[in-house]
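Please open the model in your viewer and keep the sequence panel beside it. The tour below moves from one selection to the next and says what is to be found at each stop.

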Amino acid sequence: LGKSIVHKPTIASTQTLAKQLAATGAEHGTIVIADEQTAGRGRMQRTWHSRKGEGIWMSLILRPEILPNKAPQITLLVATVIAEVLSNFNVKPLIKWPNDILINDKKVSGILTEMQAEQDQIEFMVIGIGLNVNQSKDMFPADLKPIATSLKIQSGQKLDPIVMTQQILMKFEDVYEKYISHGFDVLKGNWLKYGYKLGEKVYIQTAKRQWYGVIEGIEPDGALRIKNDDGSVETLYSAEIKW
Ligand code: BTN
């Protein structure tokens with residue numbers, strides 16, 4: 001990872017550039033990183049607030065030789081790695097399935113995964129990581145104030161985004177190799193250490209319906225396991241946990 005690094009002081013979105021580079025042959029492990037994004041993108045067409053020097057805004061290009069339906073596992077592993085790195089700074093990060101990282105119920109980091117695949121082969125994945133590092137409370141726009149946080153707010157320390165980026169990439173490289181040789185199941189326990197609301201009742205929303213259920217854990221393949229009030233158990237591959 002990181003043999004090829006594209007760094008831009010200002011860019012619309014590292015994700016958009018990384019996708020273009022991947023589509024034109026950028027090698028596995030290429031990283032696109034920016035000091036500032038003017039049009040950072042989040043999941044579900046949301047924008048991602050990414051001002052200069054306030055956090056880590058980067059996208060990784062991966063070309064894993066796995067089936068496309070396993071790609072979400074890699075995103076879960078990235079979330080685990082971010083949580084592990086954050087936990088070194090005297091805070092208690094938790095991962096809201098699939099991949100929001102919260103500290104004290106507020107979002108400190110989000111991951112956006114996009115993929116180009118054909119039938120049973122991944123051409124490339126682009127994993128975008130946004131991590132709020134050095135914002136103070138008043139730096140978030142009004143609509144984000146109640147839901148967003150930064151590592152500085154939570155730990156009281158100002159940190160160097162570059163050092164944290166290195167830590168994340170080094171750890172992820174290690175985890176990625178383990179994953180490619182042994183699969184997700186052996187790494188599942190790491191995710192569970194940081195699972196948000198495990199064993200608790202939450203409000204779940206999918207494209208089809210919304211209901212309350214208890215998060216029982218994740219399946220060997222990374223799907224979310226929910227127990228419903230009537231005792232039935234279901235596994236979800238895509239859903240949003242509301243509260
Ligand atoms: C989310 O929680 O909705 C995902 C946020 C992902 C933000 C990152 S910042 C780097 C990369 N470039 C983007 O435009 N988005 C991702």
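## Backbone stops

Begin by selecting Asp105, which is exposed because it has 12 other C-beta atoms within 10 Å; a residue counts as buried if 20 or more other C-beta atoms lie within 10 Å of its own, exposed if 12 or fewer, and partly exposed in between, with C-beta atoms placed from the backbone. This is a predicted model, in which local features need pLDDT of at least 70 and side-chain atom pairs count only at pLDDT 80 or more, while totals for chains, interfaces and linings use all residues. Residues are numbered from 1 along each chain as its sequence is written.

Asp105 is found in the loop between S5 and strand S6 (106-118), where helices (H or I, at least four residues) and strands (E, at least two) are DSSP runs, numbered from the N terminus. Although Asp105 is not a glycine, it has a positive phi of about 70 degrees. Most residues other than glycine have a negative phi, and most peptide bonds are trans.

Select Gln45 next, in the loop between strand S2 (31-37) and strand S3 (55-62). Gln45 is not a glycine either, and it has a positive phi of about 60 degrees; it counts as exposed because it has 6 C-beta neighbours inside 10 Å.

Then display the backbone from Trp97 to Pro98, where the peptide bond is cis, with omega near 0 degrees. Pro98 lies in the loop between strand S4 (93-96) and strand S5 (100-103).

## The annotated positions and the ligand shell

Leaving aside its neighbours within four places in sequence, Gln37 is in contact with Ile11, Ala12, Ser13, Thr14, Ser50 and Trp57, where contact requires that the C-beta atoms of two residues, placed from the backbone, lie within 7 Å.

Arg43 is in the loop between S2 and S3 and is partly exposed, with 16 other C-beta atoms within 10 Å. If residues up to four places away in sequence are not counted, Arg43 touches Gly110 and Leu112.

Which residues come nearest to the ligand? Of the 21 residues around it, these are Ser13, Gly42, Gly110, Gly128 and Gly130, a residue being near a molecule if its C-beta atom, placed from the backbone, lies within 6 Å of it. Colour helix H1 (14-23), S3, S6 and strand S7 (121-132), each of which supplies at least two residues of the shell around the ligand. The shell residues divide into 6 nonpolar, 11 polar and 4 charged, where Ala, Val, Leu, Ile, Met, Phe, Trp, Tyr, Cys and Pro count as nonpolar, Asp, Glu, Lys and Arg as charged, and the others, Gly among them, as polar.

## Another stop in strand S2

Select Asp35, also found in strand S2, which is partly exposed, with 17 other C-beta atoms within 10 Å. Leaving aside neighbours within four places in sequence, Asp35 is in contact with Pro9, Thr10, Lys52 and Gly53. For a distance check, draw a line from Asp35 to Phe89: they are 54 residues apart in sequence and 22 Å apart in space, C-alpha to C-alpha.

## Domains and the whole chain

Colour domain 1 (5-193) and domain 2 (201-241) separately; these bounds come from an automatic or database domain assignment. The centres of domain 1 and domain 2, taken over C-alpha atoms, are separated by 24 Å. The contact takes 10 residues from domain 1 and 7 residues from domain 2, and on the side of domain 1 that touches domain 2, helix H2 (71-86) and helix H5 (188-193) each supply at least two residues. The residues on that side of domain 1 divide into 6 nonpolar, 1 polar and 3 charged.

Finally, zoom out to the chain, whose secondary structure comes to 5 helices and 12 strands. Its C-alpha atoms fill a box of roughly 55 × 45 × 30 Å, taken along the principal axes, and buried residues make up 38% of the 243 residues.
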